Structures are given as structure tokens and as C-alpha cells.
Amino acid sequence: MKFGEKVRKLRQEKGLTQRELAKQAGLGLKTITNYESGSTYPKSRRVYETLAGILDCEVEYLNGEGGDFVALTQAEFGY
């Protein structure tokens, strides 16, 4: 799962709108929209940390996209 998909999923699970998430994170609505669409990524670790705090997840979960590949591979091929 890519960063934007994770943000969208977690935001929806928390019952937040994009506007609410943007306000809590001190970001613009367009920024959140761009993150969720996958057209941009945060440029600073601070943004990842802020979003992780709001969305109640680990920074590494938001930042890493390779872990899902490993998990899917293990499930499919057993290693």
C-alpha cells in the first residue's frame, strides 16, 4: 500500500475529512488531497511525524512502502 492510500485509509478510520486532517496537521487541503492521490509526498520527516500522531500509527508505517511487498510475498510464496 502506498503512502497516500495509507493516509486515506487511516483518515477515514478516524472519521476525519481531508479538511479536518489538513487543519489538525497545519497543512493545506490541497496538500492532503495531493498526498492521498499519490501525486506528492511529504518533504520533511516532521510532516510524517505529525500525520502519524494524528492518525495513531507509526511513522515507519507511513514512510515505508516496501513492507507490504514483503508481507504479500511471504503470504504468497511462504518465505
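Predicted model: local features only at pLDDT ≥ 70, side-chain atom pairs only at ≥ 80, totals over all residues.

Modeller: In helix 1, F3, V7, L10 and R11 are in contact with Y48, L51 and L55 of helix 4.

Biologist: What classes of residue make up the contact of helix 1 with helix 4?

Modeller: That contact has six nonpolar residues, no polar ones and one charged one.

Biologist: And how are helix 1 and helix 4 oriented, roughly parallel or roughly antiparallel?

Modeller: Their axes come within 10 Å and cross at roughly 30°. Angles under 35 degrees count as roughly parallel, so helix 1 and helix 4 are roughly parallel to each other.

Biologist: Is the crossing left-handed or right-handed?

Modeller: The crossing of helix 1 and helix 4 is left-handed.

Biologist: Switching to helix 3. Which of its residues are buried?

Modeller: Helix 3 covers residues 29–37, and its buried residues are I32, N34, Y35 and E36.

Biologist: What do the buried residues of helix 3 pack against?

Modeller: They pack against helix 1 (3–13), helix 2 (18–25) and helix 4 (45–55).

Biologist: What follows helix 3?

Modeller: G38 does, and the phi of G38 is positive, near 85°.

Biologist: Which residue other than glycine has a positive phi?

Modeller: D56 is one, with phi near 55°.

Biologist: Where does D56 lie?

Modeller: D56 is in the loop between helix 4 and helix 5 (59–63).

Biologist: Buried or exposed, that D56?

Modeller: Its relative accessibility is 58%. The cut-off for exposed is over 50%, so D56 counts as exposed.

Notes. Residues numbered from 1 in each chain as written. Heavy atoms only, no water. Buried < 20%, exposed > 50% of the residue type's maximum accessible area, 1.4 Å probe, protein only. Helix = DSSP H or I, 4+ residues; strand = E, 2+ residues; numbered from the N terminus. Contact = heavy atoms within 4.5 Å. Axes fitted to C-alpha atoms, helices over the stretch in contact; angles between N-to-C directions. Parallel < 35°, antiparallel > 145°, perpendicular 65-115°, else oblique. Left-handed = near helix turned anticlockwise from the far one by under 90°. Nonpolar A, V, L, I, M, F, W, Y, C, P; charged D, E, K, R; others polar.
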